Every structure is written in structure tokens, then in C-alpha cells.
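Hi,

Here is the structure I promised to pass on. Have a look at it first, and then read on for what turned up.

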Amino acid sequence: MIKGSIVALVTPFTADDRVDFSKLRELVEFHIAKGTDGILVLGTTGESPSLTHTEQVEIVSTTVEAVDGRIHVMAGIGSNDTKKSIALGQEFGAMGVDSLLAITPYYNKTNEAGMFKHFTAIADNVPKPVILYNVPGRTGCGISVQNVEALALHPNIAGIKEASGNLGYVMEISRYLSEDFVMYSGNDDMIIPLLSVGAVGVISVWANIMPDTVHEVVASFSTNPEKSLRLQLKHLDVINGLFVETNPIPVKYAMTQMGLLENGDLRLPLDKISRSGAAKLGSYLREGDLIK
């Protein structure tokens, strides 16, 4: 599996609420030029719940075509319907993505046995490696340590994106990491702690605005962990600023201020950043010399 910085890419929209595929291609080229190791589309940051199936397919197709094998492409197949996740995984796998990100089943949730069977059914029936996505703050449920231990043995489950923010949990599941089951930090403010216990990279919101820096944080860790730590701590206020409101509201605002997007438009139910949120994030961006 891919190591390094994987950007959880935003989905750019035009002023009339269509996916801006021209801008999407520009963002792909931007990330490749800046050293990003992989691109995740259709994640939380990509506003996947408010995209139509047709839009999702075209986003994957456009990204795979634009990347043209130069870096890793991961596609989100998250759903609280196991059959839907399988169908998306089969479709995106056939389109040429390198891996698939599957979130825990939200809203209807499940019990322990159902969680295990959900991920097992997906992994059994899709043609690409599956990354588990543990983010209980979003979904209202998490993957237990016992289920991680069991799922890590599945030949088509290649890793976990861990975004619980619980270092005790991280320590527990780190015992099951191997060459065949890796971990990515799902929290930009915890990259160094997770790398220190065996994570191989980050799936990052922060990388949307500072891709070269996030790449360097991960790439330097094995040879110069002090440098990696200094970089993360130097930019911690910017990282925290990207979460002053629900992701991806702040990061789209930051990208607009930095000239990476023409607008920070979002799909309802997400709305533009509040005045207080914009002021707080703006101050962090100025202090970090990202805007004037």
C-alpha cells in the first residue's frame, strides 16, 4: 500500500453548483507537482454524500485519467448500505483506482458481528484493496479493537484510516499492523503520534493547502523525526484552523483565500463559513504566511 501524504481532495464546484471538472484536473496537477503521494476522492472532504452517482463516477474517471498512473488514487465507497458499498467498489475498481476507502456504517450503525460482516462482505467482493475508515465522531460508531484484529487478517483489507483521536485505541490497534495491514492518520494534528507507533502516512485535509509540507512531515519522519515534529508544531494553528467549523467548510475557504479555488462553494446542507470562523481561520493563515 501507498505510504506518505494522501490528500483528501475537495470537490470543486462552479458558481451554478456543478462539479468543476476543469478545476479538478488542475488540482490533480497541483498535487503531483507538489509531491503529494496519493489522492483520495469521494471522501468526507470531497462532500461525497451530496454528490449524485453520475457525478461520483465522473469524478473517479476524471481523476484516474488525469493522474495517469503517476501517483496512487483511492476512492471512497462509504455507505451505510453494504450492498451499495460493494457496487461502488466494483465500479470504481474496474475504472482503475488503486484502493478503496470504506467507512463504518453510519445512522443505522450495527452491532459487533454486523460490523465484521459489513467489511468482510465488501473486501470479499471488490477487486481492489480496502482501507477501513474509523471516525466515530462522524458516524456515531467505531471499529472495536477486536474487529480490527480480526479484519486485519483478511487478504483484501490493507489498512485503516484512524480518525478517532483516541491514542489509547491507536496503541491497541497498532499491535496488529504489518506489511499487509497498515495505518494512516486521519487527523492532521496527530500525524507524528501515529507515525511513532507504526503508521505509514496520513490521509490529509491539510494537504489541500500545504501539500509539499505534509509530504515532508511524513517523508522526513524515518530519518529526521525532530524535523517532522517541528514542521507539524509550526503549522499546528493552521491545522486547527481548518477545523473551526465542519470539514470541508474551512478548507474550501482557505483554498479560496490562497487562490487555489475560484470560490469555496459547497453543497447543502453545508454552507459557507461564518464570519467568526473566517476571521479565526484568516488570522491563522496570515500568521502562517499563507495569505497577506
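Leaving aside neighbours within four places in sequence, which residues is Ile160 in contact with? Quite a list: Ile131, Leu132, Asn134, Ile143, Val148, Tyr169, Ile173, Phe181, Val182, Met183 and Tyr184. Before you go further, keep in mind that this is a predicted model.

**The cores**

Ile160 belongs to the largest nonpolar core, which has 82 residues. Along with Phe92, Trp206 and Ile209, Ile160 is listed among the residues with the most contacts inside that core. Helix α2 (residues 53–67) supplies the largest share of this core, six residues. There is also a second, separate core, this one with 16 residues, including Met74, Ile131, Tyr133 and Val135. As background, nonpolar side chains in soluble globular proteins tend to be buried together.

**Two helices side by side**

Now find helix α3 (residues 82–94) and helix α4 (residues 112–125). Their axes come within 9 Å and cross at roughly 25°. Angles under 35 degrees count as roughly parallel, so α3 is roughly parallel to α4. The crossing of α3 past α4 is right-handed. Where do the two meet? On the α3 side look for Thr82, Ser85, Ile86 and Gln90, and on the α4 side for His118, Ala121, Ile122 and Asn125.

**One last residue**

Finally, pick out Leu281, which sits in helix α13 (residues 275–287). Is Leu281 buried or exposed? Its relative accessibility is 0%, so Leu281 counts as buried. Leaving aside neighbours within four places in sequence, Leu281 is in contact with Gly241, Leu242, Pro250, Tyr253, Ala254 and Ile273.

Enjoy exploring!

Definitions and conventions. Residues numbered from 1 in each chain as written. Predicted model: local features only at pLDDT ≥ 70, side-chain atom pairs only at ≥ 80, totals over all residues. Heavy atoms only, no water. Core = buried A, V, L, I, M, F, W, Y, C linked by side-chain atoms within 4.5 Å. Buried < 20%, exposed > 50% of the residue type's maximum accessible area, 1.4 Å probe, protein only. Helix = DSSP H or I, 4+ residues; strand = E, 2+ residues; numbered from the N terminus. Contact = heavy atoms within 4.5 Å. Axes fitted to C-alpha atoms, helices over the stretch in contact; angles between N-to-C directions. Parallel < 35°, antiparallel > 145°, perpendicular 65-115°, else oblique. Left-handed = near helix turned anticlockwise from the far one by under 90°.
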